[in-house]
Amino acid sequence: MLLEMNVKQRTIKNEVEISGVGLHTGKIVSMTIKPAPENHWFKFRRVDLEGQPEILVDADNVTDTSRGTTISQNGASVSTIEHLMASLIGLQIDNVLIDIDGPEIPILDGSSAIFVKLLEEAGFEEQDADRDYYEISNNIHYAEPDRKVEILGMPMDGYRLTCMIDFNSPVLGSQHAAITSIEDFKAEIASSRTFCFLHELEMLVDHGLIKGGDLSNAIVIVDKETSPEELQKLAHLFHKETVAVAKEGILNNNQLRHQNEPARHKLLDMVGDLALVGRPLKGHIMAARPGHAANVAFAKKIKEQIKKDKTRKKIKVYDPNMPALYDTVEIMKILPHRQPMLMVDKILELTETYVVGLKNVTMNEDLFMGHFPGAPLFPGVLQVEAMAQTGGILVLKTVPDPENWLTLFLKIENARFKAQVTPGDSVIFRCDLMEPIRRGIAKMKGVAMVGEKIVCEAELMAQIVRVNNN
């Protein structure tokens, strides 16, 4: 059996320089796409602003989705990022730094094709680190029922996207687009241009937007009766001698590159917006009537799932019968607690950054005489106490004479109880330092597990204080 080789991250070999007009601002902007180190992902740097602030391409930094995707961080923003992001994902580039001297990415021809061409000319360079895919392991669903928007991510080894649009328009109608692999992006999707309806175009013009629009970077779908005077007005506005309505129901200044070019462009936007997850994806994404707001909301749902998966992956499942690093007698040499308040029976692992303890919950403990005697449950407050004592071992082992110190807890935050603990359960407590111990103060993330199931978690802050100077 052949083992699949890990795919390596890659950046570009040479810098890429691009200048053009921003679609909405109408301002000339210059941009330099530069190679970046491993695990850098995509960042913009506003070189025209004091301090040259950087903006990470991340769903948490999205501040506007009304006319494209805008991200903001460190007092700076960059808008209309989706076509450039799509080209980076479509070419499977992992790390670049983008220097830009204005607030908006050049619109170019309204697609990703020019970005793809220039990035390919720059060449690619493989890096040492493995590509950090997020593999969708369970269905992730997002819906806006009032707008009939729905996006579903499903497990798949690869990256496949399917998109359906339906604007309830007799001209555009319902369209579908799909790619079975991200390798198909360049040939099937990259050249598809942005589009808008004529009534939207007129509204944008009336509001002083699309200052960079010149009818060469968008498909205009004519969705209403249009007089010769209106067409002449548009021609004058965009410096054309004449414009007319072609048989396909679009302004005749452009010819369609694909019969379903609008649907393909919506898929292009999806690829670009899902770069906001911050990692390359593996999965099948199916979308009905997506837009930037829905794409960003779906990217945030994926990020939420990544956080949940990280928590689960970080928790190692321990065998309660594994040999003890410290037994009860040795624990009592460190902790001042005694029965019935000693809540830790064994320490299984101890390093400089985390500790693992165990409590066997038995029916013969005194507390069950008074705590739900007809349906015995190990109290949540005592679960946190056991977790705190486990963390106390970690903190007290930083001093040479732990018997002369006490662990005092200053704060308990984000405590959650997720499952019942009953007599017969062996509860594993793991406490990880969230930051280095300073001045005897430790902040820890604690998790309690019975088997593979998390039963309790909390963030704890503790301080050790000397109580015996002898």
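How are H1 and H6 oriented to each other: roughly parallel, roughly perpendicular or roughly antiparallel? The section on the two helices takes up this question.

## The model

This is a predicted model, in which local features need pLDDT of at least 70, side-chain atom pairs count only at pLDDT 80 or more, and totals for chains, interfaces and linings use all residues. Residues are numbered from 1 along each chain as its sequence is written, and side-chain values use heavy atoms, with hydrogens and water left out.

The protein chain has nine helices and 24 strands. Helices (H or I, at least four residues) and strands (E, at least two) are DSSP runs, numbered from the N terminus. Of the 470 residues, 50% count as buried; buried means under 20% relative accessible area, exposed over 50%, and partly exposed in between, with a 1.4 Å probe and protein chains only. The accessible surface comes to about 22,900 Å², and carbon and sulfur atoms hold 50% of that surface. Accessible areas come from the Shrake-Rupley method with a 1.4 Å probe, and for residues only the protein chains shown count as cover. Contact means heavy atoms within 4.5 Å. Among contacts between residues at least 6 apart in sequence, 70% join residues at least 24 apart.

## Helices H1 and H6

Two packed helices are described by the angle between their axes and the distance between the axes. The axes of H1 (82–90) and H6 (residues 261–273) come within 7 Å and cross at roughly 80°. H1 and H6 are therefore roughly perpendicular to each other. Angles under 35 degrees count as roughly parallel, over 145 as roughly antiparallel, 65 to 115 as roughly perpendicular and the rest as oblique. Axes are lines fitted to C-alpha atoms, for helices over the stretch in contact, and angles run from 0 to 180 degrees between N-to-C directions.

On the H1 side, the contact is made by Glu82, His83, Met85, Ala86 and Ile89. On the H6 side, the residues are His265, Leu268, Asp269, Val271, Gly272 and Asp273.

## The five-stranded sheet

Five strands form an open sheet in the order S2-S3-S9-S4-S5, with mixed pairing. Two strands pair if DSSP finds at least two bridges between them. S2 and S5 (54–56) are the edge strands, each with a single partner, so one side of each has no neighbour in the sheet. From one strand to the next, the twist averages 25°.

Within this sheet, S3 and S9 (residues 96–100) run antiparallel and are joined by five bridges. Pro35 stands opposite Val96 in S9. H2 packs on the sheet, where it touches S2 and S3, and its direction makes about 160° with that of S2. H1 lies across S3, S4 (42–46) and S9, running at about 145° to S4.

## The buried face of H2

Which residues of H2 are buried? In H2 (residues 113–122), they are Phe115, Val116, Leu119 and Ala122. Seen down the helix axis, the buried residues of H2 fall within an arc of 125°, so they line one face of the helix. The arc is that of the directions from the helix axis to the C-beta atoms. An α-helix has 3.6 residues a turn, so residues three or four places apart point the same way.

The cover over the buried residues of H2 includes strands S1 (8–12), S2 (16–21), S3 (28–35) and S10 (124–130), together with helices H1 and H3 (185–188). Just after H2, Gly123 takes a positive phi of about 85°.

## Other strands

A three-stranded open sheet has the order S6-S7-S8, with antiparallel pairing. S6 (62–64) and S8 (76–78) stand at its edges, each with a single partner strand, so one side of each is left without a neighbour in the sheet. The twist averages 40° from one strand to the next. S7 (residues 70–73) pairs with S8 over three bridges, and Ser72 stands opposite Ser77 in S8.

S15 (residues 174–179) has a covered face of Gln175, Ala177 and Ile179, while Ser174, His176 and Ala178 make up the uncovered one. Six bridges join S15 to S14 (residues 159–166) in the antiparallel sense. Ile179 in S15 is the bridge partner of Leu161.

## Backbone exceptions

Most residues other than glycine have a negative phi, and most peptide bonds are trans. Gln92, in the loop between H1 and S9, has a positive phi near 55°. Asn414, in S21 (residues 405–417), also has a positive phi, of about 55°. Asn414 is partly exposed, with a relative accessible area of 41%.

The peptide bond from Gln339 to Pro340 is cis, with omega near 10°. Pro340 lies in the loop between H8 (328–332) and S19 (346–350).
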